[in-house]
Amino acid sequence: MLLAADYPFLNILWTMIIFFAWVAWFWILITVFADLFRRHDIGGWGKAAWVVFLIVLPFLGTLVYLIAQHDGMRERSVKQAEAQQAAFDRYVRETAGGSAAEIAKAKELLDSGAISQAEFEAIKAKAVA
């Protein structure tokens with residue numbers, strides 16, 4: 001109980017702020033490394049130089065990279081998000097198919113004689129509803 005009295009509230013608050021700042025900086029460092037290795041406009045030696053700069057002088061290296069490459073980081077992130085959205089949309093269209101695909105499958109089954117006209121009408125009504 002005496003230990004809690006030896007560490008005042010403002011020290012606790014300052015420790016929490018420092019810890020949050022460290023976590024935020026570490027997250028930014030991970031983001032910078034991810035952007036660095038996703039780039040196609042610089043070669044291996046350029047990437048190696050940035051990595052060495054980020055490891056030797058981490059705070060300065062991160063700050064310099066963010067200042068120098070902020071537009072490129074934004075463009076690469078937007079391009080990646082658009083590609084992921086397009087892939088997701090394509091997957092949903094292929095998987096779901098929608099009511100037109102269900103009716104087309106039912107029509108094929110009707111034409112092959114696997115289902116009757118009444119079953120086809122029931123499937124069509126269910127797909128439209």
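Is Asp41 buried or exposed? Asp41 is exposed, with a relative accessible area of 53%. Here, buried means under 20% relative accessible area, exposed means over 50%, and partly exposed lies in between (1.4 Å probe, protein chains only). The model is predicted: local features need pLDDT of at least 70, side-chain atom pairs count only at pLDDT 80 or more, and totals for chains, interfaces and linings use all residues. Residues are numbered from 1 along each chain as its sequence is written, and side-chain values use heavy atoms, with hydrogens and water left out.

Asp41 has a charged partner. A salt bridge joins the side chains of Asp41 and Arg39, at 2.9 Å from N to O. The term denotes a side-chain nitrogen of Lys or Arg within 4 Å of a carboxyl oxygen of Asp or Glu. Arg39 is buried, at 4% relative accessible area. The structure holds 6 salt bridges. Another pairs Arg38 with Asp35, whose closest N and O atoms are 3.7 Å apart. These two residues are 3 apart in helix 2, so about one helical turn separates them. Helices (H or I, at least four residues) and strands (E, at least two) are DSSP runs, numbered from the N terminus. Arg38 is partly exposed, with 26% relative accessibility. Asp35 is buried, and its relative accessible area is 0%.

Helix 5 (residues 98-112) holds both Asp111 and Lys107, 4 residues apart, about one turn of the helix. Asp111 and Lys107 form a salt bridge, with the closest N and O atoms 3.4 Å apart. Asp111 is exposed at 56% relative accessibility. Lys107 is partly exposed at 38%. Elsewhere, shared partners join the salt bridges of Asp35, Arg38 and Arg76 into one network.

The largest nonpolar core has 9 residues: Trp25, Leu29, Val32, Leu36, Trp50, Val51, Leu54, Tyr65 and Met73. Such a core is a set of buried Ala, Val, Leu, Ile, Met, Phe, Trp, Tyr and Cys residues joined through side-chain atoms within 4.5 Å. At least two core residues come from each of helix 2 (9-38), helix 3 (44-56) and helix 4 (58-96). Helix 2 gives the largest share, 4 residues. Leu54 is in contact (heavy atoms within 4.5 Å) with Leu29, Val32, Phe33, Leu36, Gly61 and Thr62, leaving aside neighbours within four places in sequence.

Aromatic residues also pair. A search of the whole structure finds 7 aromatic pairs. The rings of Trp25 and Phe26 have centres 6.4 Å apart and planes at 55°, so this pair is tilted. Rings of Phe, Tyr and Trp (its six-membered ring) pair if their centres lie within 6.5 Å; planes under 30 degrees apart count as stacked, over 60 as edge-to-face and the rest as tilted. Trp25 is buried, at 17% relative accessibility. Phe26 is partly exposed, at 38%. Ring pairs link Trp25 and Phe26 with Phe19, Trp22 and Phe59 in a cluster.

Nonpolar residues also form a surface patch. Tyr7, Phe9, Leu10, Ile12, Leu13, Trp14, Met16, Ile17 and Ile18 make up about 950 Å². Patches consist of residues with over 30% relative accessible area and no salt bridge; like charges are joined within 9 Å, nonpolar side chains (Val, Leu, Ile, Met, Phe, Trp, Tyr) within 5 Å. Accessible areas come from the Shrake-Rupley method with a 1.4 Å probe; for residues, only the protein chains shown count as cover. Trp14 lies in helix 2. Trp14 is exposed, with a relative accessible area of 55%.
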